[in-house]
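Here are some short notes to read beside the structure. Please keep the model open and find each residue as you go.

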Number of protein chains: 2
Amino acid sequence: MPLSQTEENYLKAVYKIAESDQGSVSTNAIAKMMSTSAASVTDMIKRLSEKGYVDYVKYYGVELTTLGKTAATILIRKHRLWETFLVSQLDFSWEEVHDIAEQLEHIQSKELIERLDKYLGFPKFDPHGDPIPNTEGKFTLRNQTILADMAIGEQGQVIAVKIHDTPFLQHLNQIGIQINTPLRIVSKQDYDQSTTVLVEDSEILLSHKVASQILLKKTS
Amino acid sequence: MPLSQTEENYLKAVYKIAESDQGSVSTNAIAKMMSTSAASVTDMIKRLSEKGYVDYVKYYGVELTTLGKTAATILIRKHRLWETFLVSQLDFSWEEVHDIAEQLEHIQSKELIERLDKYLGFPKFDPHGDPIPNTEGKFTLRNQTILADMAIGEQGQVIAVKIHDTPFLQHLNQIGIQINTPLRIVSKQDYDQSTTVLVEDSEILLSHKVASQILLKKTS
DNA sequence: TAATATTTTTAGATTAGCCTAAAAATATCT
DNA sequence: AGATATTTTTAGGCTAATCTAAAAATATTA
Ligand SMILES: [Mn+2]
Ligand SMILES: [Mn+2]
Ligand SMILES: [Mn+2]
Ligand SMILES: [Mn+2]
């Protein structure tokens with residue numbers, strides 16, 4: 001019996017939460033991420049536990065089993081390959097593709113995703129700079145620094161953004177930041193943790209909120 | 001409120017049944033096409049009627065409203081565009097794509113389908129020779145004759161097949177018939193209504209079952 | 001440690017979509 | 001026409017996924 005779309009979405013949420021906050025994942029965190037009630041989460045987690053996708057200890061939390069991790073990784077692979085397709089083939093821009101990929105990621109066909117991967121030239125990263133796991137579920141790792149953590153004078157190139165919602169990406173479009181944009185840290189304001197960066201001869205002020213979502217490869 | 005996948009599938013079924021057997025569509029016919037119970041059909045048809053997608057008269061039958069026809073046509077457009085994508089871009093063969101397109105047709109994004117259409121060069125027919133409705137819902141019409149109805153000596157070129165299940169299409173692959181195959185009617189056997197056709201110097205015997213599913217453009 | 005606050009689970013209800021079995025309506029046949 | 005067969009609807013029930021409200025467990029704070 002294949003997983004329902006809903007079950008898949010829960011697994012992905014658990015995966016994503018575990019990725020940032022390590023350790024076991026709380027019911028409430030899942031509820032927040034999925035915009036649903038904690039009661040619904042408890043319900044679904046029980047079912048996923050029955051089916052062997054998560055380890056679940058009442059009042060303690062949830063962890064993905066190997067089976068669950070595999071399922072989540074396949075879903076992420078599909079999501080990121082579809083996003084890549086939408087941008088590289090259909091000329092969507094990076095702020096338009098996430099919601100469509102949320103639907104496409106649930107299409108069930110191993111053959112389809114392998115052919116799509118080949119068609120796209122086995123891309124390693126998606127339009128937001130996120131690594132695309134390969135058929136075996138392996139992610140390409142690379143050194144990356146959060147812009148907000150860089151020191152004055154350091155240079156780098158944007159390689160990824162941590163969030164993918166449309167307003168944030170539109171904001172980056174507006175101030176002229178995209179994947180591969182080279183920049184240098186000009187100054188950092190202690191008062192509000194904002195950062196001024198130099199991008200192509202123009203200085204841009206980035207709030208901490210924004211600067212902490214941008215990942216760079218240092219080039220200095 | 002958008003239609004659910006299930007509701008979309010019912011509308012498509014009604015559309016397809018009305019296309020062949022004209023007049024209003026019976027509950028039983030829908031049940032057979034959807035492999036579900038007549039009781040479930042009655043249930044769903046009531047709901048679609050509430051929502052204005054079908055006209056429904058108890059014990060008499062179902063007809064699509066303009067709204068319902070539009071929805072069904074969009075679904076068919078999506079199905080056929082995706083099938084075209086799978087064959088022309090991802091090198092699937094015609095017998096592999098129907099089931100995947102059954103899933104892809106439910107992706108909700110007007111922009112996506114318009115871009116896909118453009119990407120594919122605004123194709124007029126899908127891999128099975130079925131016409132793809134354009135953005136306005138218009139189908140390209142053309143003269144076509146059922147192979148089984150052609151007379152001895154007549155020639156033609158295969159332009160479409162009426163059914164799309166894998167075993168039938170694999171059978172056609174095996175005997176060397178595909179879209180655009182030119183052929184001539186050599187003889188017709190009264191006893192079992194079978195037809196012998198000439199395809200590239202070799203004679204092929206087609207049962208009535210097969211010959212009545214193949215559409216040709218006459219070239220003689 | 002005891003009181004209070006937060007998190008999590010349970011209980012009970014709702015909706016979509018499906019089922020089987022029985023009842024009602026319509027169609028067919030003698 | 002009357003009997004029989006078929007089709008369609010109704011009735012009642014099931015599961016997945018959701019919700020709100022209440023209860024239980026855990027965490028925090030005085
Ligand atoms: Mn999803
Ligand atoms: Mn992405
Ligand atoms: Mn479908
Ligand atoms: Mn087709």
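1. Start at the metal site. This is a predicted model. The manganese ion (ligand 4) is coordinated by three residues of chain B: B:Glu83 through OE, B:Asp126 through OD and B:His128 through ND1. The distances run from 2.1 to 2.3 Å.

2. Now look at the donors in sequence. The donor residues of the manganese ion (ligand 4) follow the spacing E-x42-D-x1-H. B:Glu83 and B:His128 link distant parts of the chain, 45 residues apart. B:Glu83 belongs to helix H4 (residues 66–88) of chain B. B:His128 sits in the loop between helix H6 (110–119) and strand S3 (145–146) of chain B.

3. Are B:Glu83 and B:His128 buried or exposed? Both are buried. The cut-off for that word is under 20% relative accessible area.

4. Next, check the backbone. Most residues other than glycine have a negative phi. A:Gln193 is not a glycine, yet its phi is positive, about 55 degrees. Find A:Gln193 in the loop between strand S5 (182–189) and strand S6 (194–199) of chain A. A:Gln193 has a relative accessible area of 46%, so it counts as partly exposed.

5. B:Asn180 is a residue other than glycine, and its phi is positive, near 85 degrees. Where is B:Asn180 found? Look in the loop between helix H7 (166–175) and strand S5 (182–189) of chain B. B:Asn180 is partly exposed, because its relative accessible area is 48% and exposed would need over 50%.

Terms used
Residues are numbered from 1 along each chain as its sequence is written. Chains are lettered from A and ligands numbered from 1 in the order in which they are written. This is a predicted model: local features need pLDDT of at least 70, side-chain atom pairs count only at pLDDT 80 or more; totals for chains, interfaces and linings use all residues. Side-chain values use heavy atoms; hydrogens and water are left out. Helices (H or I, at least four residues) and strands (E, at least two) are DSSP runs, numbered from the N terminus. Buried means under 20% relative accessible area, exposed over 50%, partly exposed in between (1.4 Å probe, protein chains only). Donors are N, O and S atoms within 2.8 Å of the metal (3.2 Å for Na, K and Ca); water is not among the atoms, so sites may look incomplete.
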